[in-house]
Structure formats: C-alpha cells, structure tokens
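Hi,

Here is the structure I promised to pass on. Have a look, and my notes on it follow below.

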Amino acid sequence: MKLLITGACGFVGSSLAETLLERMPGLRVTGLDNLMRPGAETNRARLRKLGVELVHADVRAASDFENLPAADWIIDAAAAPSVLAGVQGALSSRQLFEHNLASLVNLLEYAKRHRAGFILLSSSRVYSIPALCALPLKLNGCAFALDDSAALPAGVSARGIGVEFSTAAPVSLYGGTKLACEAMALEYGSAFHFPVWVNRCGVLAGAGQFGTPDQGIFSYWVNAHLRRRPLRYTGFEGSGRQVRDAFHPRDLASLVQAQIHTQRDKGPRIYTAGGGAASAMSLAQLTAWCDARFGRHPVAADPSPRPYDIPWMIMDSAGATRDFGWRREVPLEALLSGVADHAAQHPEWLEMSGV
Ligand SMILES: NC(=O)c1ccc[n+]([C@@H]2O[C@H](COP(=O)([O-])OP(=O)(O)OC[C@H]3O[C@@H](n4cnc5c(N)ncnc54)[C@H](O)[C@@H]3O)[C@@H](O)[C@H]2O)c1
C-alpha cells in the first residue's frame, strides 16, 4: 500500500508515518511538507531514516502535485493548526484560508485522479463556540466539569461532545476552514467514488510536539514550566479551570488504520476522537502535575478573555468505538511523562518551536 501524508514533518503527520510504518508491513509512505512550522525541519532526518520519501512541497500549489507518485490513501495533516490563526499572530486570514481550505482542491483532485482514499484530520474546533460556552458547568476542584444533572443540548453527555453537537457559526476562522473541508471532501468522495473519512480530533499531544501558547498547549506548558518561563492563565477569571482532553497520535493511528482497512461504503463518515473524560485535565491541574514533577513554579493570571476560548472540551469517541472497536490506549499520565522526559532532554525545545 502507498500512502501520501501531507504535513508529514509536523507533530501528528510524523507520528502517524512512524506508527503506520511500524504496524503495516510493506507500507510505502510519501511525506509532503513546506516546513513552515518552526521545528518541522527537525523531523526530516528521522523520517528519512524510516524510509519515508520526503517531498518539499506546498499543498497550495497545484503544480506541486503533478510529479507526486500515485497513492492508495492520503492523510491530510497539513494545516495552520491554531484556533487563533488568521486573527492573531503572523498568519493573515487570507493565508489561513489558502493553507487550510483553498489548498484542499489540490488534494481532492489528486485523490480523484488516483482513486485514492482520503482521511481528513478535522478538529473539535468545528463545534459552535456560543453553544459550548452555554453548556451547564460546575466546579470540580480546580477544573470545570459538565453539570449533567441540567438539561443538555443534542450531542453532549457525560462522555463528552459527539458529532451531533451544533456546528453553528461562529466556530473560529480555523474551525470554519475545517468544517468547509469536511463538506467538500465528502462531496468529492461521493461524486467520484473514493472513500473519505473525517476525524474530528480533540487535543493531540505527546513527546516531540512543537508547543506554543496558541497550539500544542500540553507541550508548551510542560516545557515552559520546566524551564521556569513565565506562565499565565488567560480568561475564565485567570483561574486555569478550563479543561481539555488529550490523546496521542499513536492512538489516532489505530483509528486511521481501521478506516483504511474497512470495506464499508455506507453509514457514518464523520467521527469524533479524543482522550475522553479519563484523559482530561484543567490547566491548573496540569500546573499541579508539573509542580509535583519539577518543583513549584507560580503562574500569573490574566482574566481578560481570549478570542474563541471555550471552558470545557472533552471528546466523545463512542462512534469510533462502536464502528471500529477504537479505544484510546496511551493514558494521560504516560503521555505527560513522555512530554516531560523529552523536555528534559531538549533544553532548546521552546526556542526551536518558535516561542
Ligand atoms: N495537534 C492537535 O491538537 C490537533 C487537534 C485537532 C486537529 N489537528 C489537525 O491535525 C493536523 C496536524 O496538526 P499538528 O498538530 O501536527 O500541526 P503541526 O503544525 O505540527 O503540523 C502541520 C504541518 O503542516 C505543514 N504545513 C502547513 N501548511 C502547509 C502547506 N501549505 N503545505 C505543506 N505543508 C504545510 C507544517 O509545516 C507542519 O509541518 C492539522 O490538520 C491540524 O489541524 C491537530
């Protein structure tokens, strides 16, 4: 089997390449990346050693697809992945649109040409921000928790957010690009008869992730805590009570592998995947974990709200379990320990990640 991974030098793309090569004998992987993410270039040597054929190319450029070898499957892991992209930071809204959405036509035309299956790494950020902010929450120590004794809207339960939850705007410019990609990928698949799977992923984390305050928060927080960098709780009264679940890309690889191998052509195509309630914590709890490991490090508070911020996000992966027998296997503790060990071995990680 031949696989094309876009964004192959990124955290998720490189981890998927490594895991799938380990698990699928005979797999050949072509990896495409424009290396725009600071740190991505450091994954090149590792991927080459694994036998990945790396192509320095840009998904926005139609001509960059002309000479690519044919593939049976494509995993699209190239994106500007921050929820603040296009509204804060160096990337303009037009650039975000071009990287995350306009480029999709090149991938879908390539999939059409080669009859390749297409796997989109979508995001929990396709869900409606007002609806998420209106969820009934209670306090559980220093973390928000869902108050499931109150009436809940469709698509949310104690297990988390599922595909039925509202995707009404606003979802952020980033979330909007993902939602539009979902629709177009499914339409191309249906019109031109190639399989499409959409995985709305919660926070992905693990050792070797590039972390900034805007993206890769678990990696950023652990590295910054260890290096005694100033840390700050933003929004939510500066309490650090906002909660996210996290899962490792190795677990995402199991879902992708199951999707590649299924023969099913009917039924759901969109799934939510994430760490789930057992793999969730607030920022304040993450600080407590770091304090216990590295010694106490104070965190400042900035109560001013951040655009697009949400208090609680846990993914309900019941659909993936039902249809693919999928379960997250890497526990949060192992994931965090891996990040901490990696941080200890790489004193320059924050600088390399562009912080
Ligand atoms: N990390 C998460 O928590 C998370 C959660 C949900 C979804 N996702 C999605 O997973 C995918 C991978 O995310 P990640 O965390 O590995 O991010 P990452 O920034 O580490 O990797 C993205 C890679 O894509 C490359 N890239 C960006 N624009 C490109 C372009 N125009 N042409 C070619 N390459 C380009 C970058 O150089 C980078 O190596 C993204 O689509 C992201 O939206 C990530």
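**Salt bridges**

Arg250 sits at 28% relative accessibility, so it counts as partly exposed (buried means under 20% relative accessible area, exposed over 50%, and partly exposed in between, using a 1.4 Å probe and protein chains only). Before going further: this is a predicted model, where local features need pLDDT of at least 70, side-chain atom pairs count only at pLDDT 80 or more, and totals for chains, interfaces and linings use all residues. Residues are numbered from 1 along each chain as its sequence is written, and side-chain values use heavy atoms, with hydrogens and water left out.

Which residue does Arg250 form a salt bridge with? The partner is Glu22, with the closest N and O atoms 2.7 Å apart (a salt bridge being a side-chain nitrogen of Lys or Arg within 4 Å of a carboxyl oxygen of Asp or Glu). Arg250 is in helix α8 (residues 249-261) and Glu22 in helix α1 (residues 11-23), so this pair ties together parts 228 residues apart in sequence. Helices (H or I, at least four residues) and strands (E, at least two) are DSSP runs, numbered from the N terminus.

Next is Arg232, which pairs with Asp302 at 3.3 Å between the closest N and O atoms. Arg232 belongs to strand β12 and Asp302 to strand β16 (residues 299-302), so the link joins parts 70 residues apart in sequence. Arg232 is partly exposed at 48%, whereas Asp302 is buried at 19%.

Searching the whole structure turns up 15 salt bridges. Arg264, Arg322 and Asp323 are linked in a salt-bridge network.

Cheers
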